[in-house]
Structures are given as C-alpha cells and as structure tokens.
There are 2 protein chains.
Amino acid sequence: MKAVLESFFEFLRIPSISADPARADSMNDCAEWLRAHFVSMGLAAAVHPMPGPPVVVARSAGSAAKKTVLIYGHYDVQPVDPLTLWRNDPFEPVVENGLILARGATDNKGQTFAHLAGTEAWLRERGELPVNLIYLLEGEEEIGSPNLGAFLAAHRDELKCDAVMISDTSMVGPGFPAITCGLRGIACLEITVRGPKMDLHSGMFGGVIANPAQELANLLAQLHAPDGSVAIPGFYDDVLPVAENERAAWRDLPYGERELLAAAGAPALAGEAGYGPLERIWIRPTAEINGLTSGYQGAGSKTIVPGFASAKLSFRLVPGQEPERIGELVREFFESRAPRSVTVEVSYDHGGNPCYLNPHTEFGRAAQAALAEVFGRPPALVREGLSIPIVNLFQRVLGRDALLIGLGMPDCRSHAPNESFPVEQLEKGIAFHQAFLARL
Amino acid sequence: MKAVLESFFEFLRIPSISADPARADSMNDCAEWLRAHFVSMGLAAAVHPMPGPPVVVARSAGSAAKKTVLIYGHYDVQPVDPLTLWRNDPFEPVVENGLILARGATDNKGQTFAHLAGTEAWLRERGELPVNLIYLLEGEEEIGSPNLGAFLAAHRDELKCDAVMISDTSMVGPGFPAITCGLRGIACLEITVRGPKMDLHSGMFGGVIANPAQELANLLAQLHAPDGSVAIPGFYDDVLPVAENERAAWRDLPYGERELLAAAGAPALAGEAGYGPLERIWIRPTAEINGLTSGYQGAGSKTIVPGFASAKLSFRLVPGQEPERIGELVREFFESRAPRSVTVEVSYDHGGNPCYLNPHTEFGRAAQAALAEVFGRPPALVREGLSIPIVNLFQRVLGRDALLIGLGMPDCRSHAPNESFPVEQLEKGIAFHQAFLARL
C-alpha cells in the first residue's frame, strides 16, 4: 500500500486545474504522468492532443474473445480558492486521521486511481485480465467536457465497448455503497409577457393597462396544482413507473428530510404530495423558476407599469419524458392561458434527456456483487436528481449506458477546501475493482 | 398682445433647466428676470436663495380686508434632449401655425405667464386687485421640489392664503376646459420571499425545497380577484363614494379606450369590472407590480432554485384611503398567505395621500364661471390618476387645497421635443385670470 500511496500522491501533486489557463503545462504534465503510469502497469497508452487539455487513452492487450469495459475518469480538478481555508497545501497531500487531504483526493483522482491501482494489482498478482480494459481519462470535466463528444465520435471504433464504468458519484455513507441508476433530464425555457410598448407611469395608466409582471405572476402561479404536482396537461403522460421495491428500498436510506434541510438552509421541505423527499428529487419531474426579471429592480421605488416581465424556467425530467415535447406542452400551457391584454412568448433554450441506467445487466450484477463483497453489504440502487452530461454522451455516441459506481464519501468536500478521501476507501476501491474483474 | 409675446419670449429664452448643474446661472437669471418683471407690473417681489435654484415670491399691495389667493408655478423646465428632434432651438421660441414652440412653452412658463399677464392687464386697465395675490414660483419642480416643503414651512405666515391656484395640468381638449378635483395617492412597498440560504442546484434540490420565485408568483397572483378588483381584505373599506353625477359627466368626455390604448401601445385594456377606463384611473385604487427580481437574469439558463425573490409594489390610492394603513393590510395579506417553507418580508417604502380638491368652494365656483365665460363651456370636473406632491405640500403645510386649473393642451408635448402652447391659449389664459378676479 505504501507504493500505491506514493504513486497516488505523485498524481495528486500535479496542479491540474482545468479552469486556470496558467495551468496548461500542468495539464500536459498530468496527462503525460498518466501515460507513463499506464505503460509502467503494462497497458498501451497515448496522450491525445485536444483544443484544451489532452485526453489520455490506455488499453490492455486486447482480445476479440473478451468483452470490453471502458472506464471513464477525469484528471482535472477544481480551483483551490479560497486557499486560506485549507489546512494543507492542496497540492501537497497529507494523511490526517486516515483521510488523504488534497485537491482531487476524491474528485476524481482518488476514485480514478483506485481503478488504476486495482488493474495494476490484478496484472501483477494474477496476470491476464478477464476483460479488455480501456481507460478514457479527460482533462476538461470540471469545465463542462466541451470537447469530449467530438473525441468520442472521432474515436468511436477504437472506444467500442460492452460497458462504461464511471466512479464519480457518492456512496450513501461509510461502508454503504451505492450504484446510481437514474439521472433526471432537463428542459430550459424562458417566458416573456409583454404589455405596453414601454414602461408606463403607473399613476397615468395603473388600473386600465394590464401589468405584465402581474400577468406573469398569474401564469406562473398556475404551474403547480395545490398538491405540489405540475399542473401542465400531459406533463406526466410519458413518465415511466418506478418499481415499488425500488422505492421501498429508498425509505431505509439514512438520508432524507433532516440532511436536505441542513444542506439547503430552508425553513421546511416542500414538494409533491405522495412522494418522499428522495423520490421528489430522484424520480419525479419538476417545474422550477430559475429567475425573474421585470421593471425596476434598484433601491427604493419607481412607480411604473413595466413594459415586460420574464421568467427563466427549467423542468427536471424523468425517464420517459422528452425535453422538446415538454417544451411544447409548456408553450401551449402558457399561451392558452394568456389574457388578450398582453402577449406571451415562450422560447425553448436547451434540453437534456433523463436516463435510467439498468444496474441488472451482466456488468451491473458483477458490480453489485463486488461491492457487496468488499463493503459487506449490497449497494443501494439510488438515483440522482441532476444530469451528468457525459453519461448522455456515452449513451448517444457509444450507445452504452454508464455504470455509476460512486466511491466518494458524502462528506468528501469535493470542489471545496480540505477535500479528502479515506485511505480505507482507496483500499476498498482497489479491492472492488479486482472483485468486479473476478466476476466477469 | 405683441408686448405680451415679447415679454413671454424673453422668459422662454432663459434656458432654466433645473436638472442640469451647468445651468445654475440661468436659474438665477430666470428668477431675477421674474423679480424684475413682477416689479415692473407693480408687485413687490423677492428672490429667495435656496440650496438649489431660488424661489421667487411676489405680492400685490396687501389689504387685510381682502382675501388672498396664492398662485403657484415653476420657472424651471425639463432638459431638451434629443435636440435633433426639435424643429427650432428650444430656447429661441417661434410661432408656427398659431403654436408657440419652445421648451417650457406650456410646462410651466406658458401657463404661469398667462396668470402674470392677466394680473398685469388688470392692474393696468382696472387698477386695484379684488384680492391679495401672492405668486410663488419655484425652480425645482422638474427635479421633485426637494426644498419646497421646507420653504413653505419657513414662510408659513407670509404665505398664508385663502386659496392656492396652480395651472400645471391639462384641458380636456381645444376649447374644453377642465378643473382637476382629485389625485390618487400612493403606498410603495417591497415584498421579499426567502427560501434556502443561497441559490441551490435545481437538480439536487428541485422538487423538495420551495422555490422562492414560485412562492412569490403564487402570492402575487392572489393580489387581484377575477373581476380585476384588489383582493386584499379591507382594501376598499375606507374608499369614499363618488357622486353618480360626477361619474356620469365623465362618460361624455372625448377621451377613453382609444386614446389610452394609443398612448400605452398595449393590445387591449384591462382592469376592474364595473368601472369605465377613466374611472379605473381616476377614482379606483390599484395594486401594481413595478418590478420583479429573482435568481438568474442573464442570457441562456442557470438551473437554480433561487435563494430569494422580491417584487416592488405600489398601490394607487383614492380619497379615504391612508397609505400606511394600506401598507399594513398588504403586509398582513402576504404574511398570512406565506407557506411555512419560505419566509416573507414586506417593507413599507413611502406613501403619499390621495386628495379630493373641492371645486365648489367660493374660489372654485369663481374659477368654473370664469372658465365657462372664456371658453364658452363649463369646465369638466376631472381627476388625475397620479399624485402631485406639491398639492400635498400645500395641504399639509399651508392647510389649503389647490385649485388645479389646467391651461395646457393634451398634445402640448411637455417634457418632449417641440413643446408648444397655442397663442390663443395664452390669450384665453390671460382672459381667464381676469375673469376669475372679476368674480371674487
């Protein structure tokens, strides 16, 4: 383990902050370090130049007789500001109470390195791998993976695989593994209500000219039914049902109202009747107002009837729903409810598909069994309320669902000062990787 | 009339733009020109230094046996931008098709000068005035009269009077005079809805944490009943009734839906059922949203649950209603309707009292008769939907209701390029002033 940690610390010491243009050399250094490390492990590896930081691809000696698993990770990390809140230099890892403290310790160098070290141990201790392994490590995840889609498309044949594994999510808690089996999609729109041709004096026109801010509020207030559900006709029509046993399992998870309230700092939870807190986030679509703009917004008062009012809207979607279809329903909903004293314009900005990631495939079953073996309990099959765009990329370009095996801890402080990864978690990650291979 | 126009044009040529600090000398020049003009008419006059442009006070030879009428006007004018849209130099008056074109031609040099010339003619032609006249001409009306209240208070005894006359409003149309008998008041508030302690990721929290922008919209949508009335309990309790014959007279005015729509550029009128367009503006209180702010307001999308949402609100009030009482009702209304998943804060910014200005006093009856004599028809007894803060000042400090005799034309383009005042209107204003005096 000493050699593993030494090697891991070398990886952590490279300040590969993709958001910082001054770190371009570090990005190249990190990619080259990975390439050399893969070669030392016995894999073929190449650094692929990109418009931004390079992509590193490594592959085991291939065999057409074996299935292929692609492991995705990212070697770029978040910026470290504010530096004063760190207990150590974020690029000089230390171990404190069993925790490795460093930027990237969990996200995503730690989780990625657990796989690398697992492969290395397998090759050293057992020789040939039971599957072909492809590692695809990018350096732009923290800045939105702007070039990954093009890279996947250009290397589609070379990256052909039977499964994609990503370890960039979280466990439920210490010793409680999880596989993320679903992500919500999204549809983003904007609604603009226009009334008079300009802001009007509210004394001269107030009472006789419709107020666009009032009409916008009236329309937005119709978005939800009294039970908290979205009141747009047809909104739920395509929602796929979720198995009762899947929902039942979530009720025992040690995460819910208390933890959500603490994280949000809100006075009380809210949401759709008939669903628990996690269900509302994981498997129920929502309508959210992301922003409001109208009239005067400075200090004091300005007594006008505003010329227009607008709202940014986003709809979190669940498997079965299609972003553009939802956008259409939203447009019809608002346009049909607009009074004739104003005009209403609904524009579609962008969308992302929701996804269900079946954890019961051959590879999913192997991962579940491996997690159960290493952690002593079977993984929770959870969901996430957000989108992970790279998952959509792998589905769209490579035609493969990702297997999201989170090795991070919920309190790992990723993106924040004093990011950490337990040494024990690194060891268990290495063990999981080998247990997974052993089951294939 | 030639001498009158020459003198009026001298007054118009002084570029007394109160908003422009570079015109400070012109403000003093204009005040001094007025003082000298009053003296030449036979009145005692003084220029009172102020923190800004001076106040000019002139008075006729006083007699304790006579009643006193104070005539208020303002010698400052609006800026002239955009200059390119003017057909002439705004400070070099010309007469075109019977219209005097110049900045201030109507607002307020023209209307003020009609009174001055009327007094001058009376003194020259008939000698002693039937009342004591005080002229109070300020130079800060266009910038909100920031110092007039203090001036009135400091000169309360000297300005003691039986009536205040102001000519700074409009006639109904050519040959159709008007007296403005009521102004709406106002109460300005802000409502802020707070939810989570910061903007939250809508994927991680959307569906379980109340969205402050949604809750604000829900609250604002309750402001009005389906019939367009304000739904706040008690809102109309103190509204004083308006005589049916007063309302009936307004139905024949040549101003309504068509003119309002043209001015506002809105698709259709809106407002409270059971009241005509002018009634909705003149005698009905309203609730207006003047501005909305929440979350992300830039280009594209940002998928957040905003930490807060706020709205600027103003309520136009009618005689009987008290701004602070209305503010209290608004606060109770929103606070009692707030769900416990957010906090709601309603803050009162400022208010102004509505006023009814009785046109049937001794002076009002004289003004009505004088207008009828000069224009050949009795004046419409109208209202305005806005506040005129100086009217409140005269009520509060001097205890006198103003008599608002509008000599401006509705199409006078005050505050805009090519402001005009018909020569005929100047002549009729002079005649009105004398006819009014003759009736006292």
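Modeller: Let's start at A:Asn97, which sits in the loop between β4 and β5 (99-101) of chain A. Strands here are DSSP runs of E with at least two residues, helices are runs of H or I with at least four, and both are numbered from the N terminus. Bear in mind that this is a predicted model: local features need pLDDT of at least 70 and side-chain atom pairs count only at pLDDT 80 or more, while totals for chains, interfaces and linings use all residues. As for labels, residues are numbered from 1 along each chain as its sequence is written, and chains are lettered from A and ligands numbered from 1 in the order in which they are written.

A:Asn97 has a positive phi, near 50°, and is not a glycine. A:Asn97 counts as exposed because it has 8 C-beta neighbours inside 10 Å. The cut-offs, with C-beta atoms placed from the backbone, are these: 20 or more other C-beta atoms within 10 Å is buried, 12 or fewer is exposed, and anything in between is partly exposed.

Now for a cis bond in chain A. The peptide bond from A:Asp81 to A:Pro82 is cis, with omega near -5°, and A:Pro82 belongs to the loop between β3 (68-74) and β4 (94-96).

Next up is a helix. In chain A, α3 covers residues 109-125, 17 residues in total, and spans 23 Å from first to last C-alpha, close to the expected 24 Å; that expectation is 1.5 Å times one less than the number of residues. Of those 17 residues, 13 are buried, so α3(A) is largely enclosed by the rest of the structure. Just past α3(A), A:Gly127 has a positive phi of about 85°.

The contact takes 71 residues from chain A and 72 from chain B, where contact means C-beta atoms, placed from the backbone, within 7 Å. Strand β11 (residues 286-295) gives the most to chain A's side, nine residues. Five bridges join β11(A) to β11 of chain B, and the strands run antiparallel; pairing needs at least two DSSP bridges. In that pair, A:Ser294 stands opposite B:Leu292.

Last stop, the inside. In the largest nonpolar core, with 92 residues, A:Ile209 and B:Ile209 touch the most other members. Such a core is a set of buried Ala, Val, Leu, Ile, Met, Phe, Trp, Tyr and Cys residues joined through C-beta atoms within 7 Å. B:Ile209 touches residues of both chains, including A:Ala264, A:Leu269, B:Pro196 and B:Val305.

Methods:
Two residues are in contact if their C-beta atoms, placed from the backbone, lie within 7 Å. Lists of a residue's contacts leave out its neighbours within four places in sequence.
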